[in-house]
Amino acid sequence: MTGLRPRLTLLATALVALVSALLLWLGWLLVGGVTQAVPTLPPGSTVRVDGVTVPAEGLGDAVGRAAQDEVLRAGLVAFPLVVVAAALVSWVLVGRVLGPLHQVTATARRLTVETLDTRLGLAGARGEVAELAAGFDAMLDRLQAAFDAQRRFVANASHELRTPLAVLRTEVDVTLSDPTADEAELRRMGAVVRDATRRADDLVAGLLLLARTEGAALADARPADLAATVVPALAAVRAEAGHRGLRVQVRTAPAPVVGDPVLLERVAGNLLENAVRHNVPGGWIEVVSGVRDGCAELCVASSGREVDRIDELFEPFRRGPVERTATTPGSGLGLSIVRAVVTAHGGTVAAAPVPGGGLTVTARLPVRP
């Protein structure tokens with residue numbers, strides 16, 4: 001007997017047998033004690049007990065032994081019947097209790113990546129079994145959402161990587177098939193190949209950073225300041241912002257946190273890169289940091305085009321309303337990396353549209369004690 005049902009049945013039957021034996025023994029003792037209260041008869045008289053003549057002085061003992069023998073005879077008949085009945089009832093009841101568990105096990109064995117939409121739906125379950133079924137269904141919901149997100153991510157990553165590779169292959173094939181290609185043509189091909197490889201490199205780097213931070217624990221957590229991350233991020237985009245005529249306003253105050261300084265710099269860098277690339281010529285950018293409501297904040301607001309479906313911008317490969325070409329920088333991973341890094345630091349990130357066009361993104365992290 002290795003199953004849970006036989007073992008529980010055996011345990012319940014053993015307990016019933018033990019209690020029944022104890023009750024039989026107590027009944028045997030009580031009967032013997034009660035018969036000692038038989039009234040005394042005159043000395044020298046005799047009484048017949050179970051067809052046996054006994055002196056009056058031994059009447060109590062004789063009646064007691066006779067009653068105890070009767071109790072034993074009745075008990076030896078009733079005891080096995082009670083044990084068998086207990087075993088049958090225990091087997092049925094344990095089976096009904098364990099039925100939902102068997103259903104959970106059977107469902108888990110049938111599950112595959114393609115059948116994650118299966119649910120138990122034990123409407124008639126009660127108590128702990130109902131909690132187990134509800135927890136199992138909730139786990140399946142999370143698993144299905146994770147697998148769906150993984151499928152979308154892989155499909156999008158494959159599509160994004162295929163684009164620069166196709167550009168590379170096309171440019172090389174066209175140039176090699178032209179016997180009259182001169183130095184200028186080769187230089188043009190080299191520039192296109194360089195831009196395509198840069199885009200592929202940015203995409204791979206973004207994927208690696210996203211994989212490193214999404215759902216992972218921080219490997220290097222130490223005191224940092226969100227205000228300090230703005231300086232290198234601004235230096236990286238200053239040339240492009242100046243080329244597009246963007247006005248940048250910075251109002252930083254200390255925003256102490258505990259985290260990975262490199263990843264936190266990537267948050268500020270991605271927010272400012274998005275603010276520059278998705279802006280309009282002659283637009284504006286505003287960067288604010290500080291402590292608010294017990295949280296360290298970094299807020300980057302910018303002008304730009306009208307933005308729809310803001311929540312989707314934090315999904316991988318979702319881009320804002322900008323015209324996309326083969327040489328346009330960015331891989332659509334900026335805000336998804338920001339969300340992954342902020343979440344890994346125990347914070348939250350939210351976006352809101354700017355009236356007239358543009359976007360405000362605010363990252364909030366636990367302030368350093």
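This is a predicted model: local features need pLDDT of at least 70, side-chain atom pairs count only at pLDDT 80 or more; totals for chains, interfaces and linings use all residues.
The chain comprises seven helices and nine strands, and buried residues account for 33% of its 369 residues. Among contacts between residues at least 6 apart in sequence, 69% join residues that are at least 24 apart.

The largest nonpolar core holds 38 residues, of which Leu226, Leu271, Leu272 and Ile285 have the most contacts inside it. Two or more residues are given to this core by each of helix H5 (226-243), helix H6 (261-277), strand S6 (284-292), strand S7 (295-303), helix H7 (334-344) and strand S9 (358-366). The largest share, eight residues, is that of H6. In soluble globular proteins, nonpolar side chains tend to be buried together.

Helix H6 consists of 17 residues and spans 24 Å from its first C-alpha to its last, close to the 24 Å expected at 1.5 Å a residue. For Leu272, when neighbours within four places in sequence are left aside, the residues in contact are Val230, Ala233, Leu234, Val237, Ile285, Val287 and Val300.

The packing of H5 against H6 is described by an angle of about 35° and a distance of 8 Å between the axes, and H5 passes H6 in a right-handed crossing. On the H5 side the contact is made by Leu226, Thr229, Val230, Pro232, Ala233, Leu234, Val237, Glu240 and Ala241, while H6 contributes Leu264, Glu265, Ala268, Gly269, Leu272, Glu273, Val276 and Arg277.

Val250, which is placed in strand S4 (residues 247-252), is in contact with Val230, Leu234 and Val287, again leaving aside neighbours within four places in sequence. Val230, Leu234 and Val287 are also among the residues in contact with Leu272. Val250 and Val288 lie 38 residues apart in sequence, yet their C-alpha atoms are 6.2 Å apart in space. Because its relative accessibility is 39%, Val250 counts as partly exposed, a class that falls between the cut-offs of under 20% for buried and over 50% for exposed residues.

Terms used:
Residues are numbered from 1 along each chain as its sequence is written. Side-chain values use heavy atoms; hydrogens and water are left out. A nonpolar core is a set of buried Ala, Val, Leu, Ile, Met, Phe, Trp, Tyr and Cys residues joined through side-chain atoms within 4.5 Å. Buried means under 20% relative accessible area, exposed over 50%, partly exposed in between (1.4 Å probe, protein chains only). Helices (H or I, at least four residues) and strands (E, at least two) are DSSP runs, numbered from the N terminus. Contact means heavy atoms within 4.5 Å. The expected span of a helix is 1.5 Å times one less than its number of residues. Axes are lines fitted to C-alpha atoms, for helices over the stretch in contact, and angles run from 0 to 180 degrees between N-to-C directions. A crossing is left-handed if the near helix is turned anticlockwise from the far one by less than a right angle, and right-handed if clockwise.
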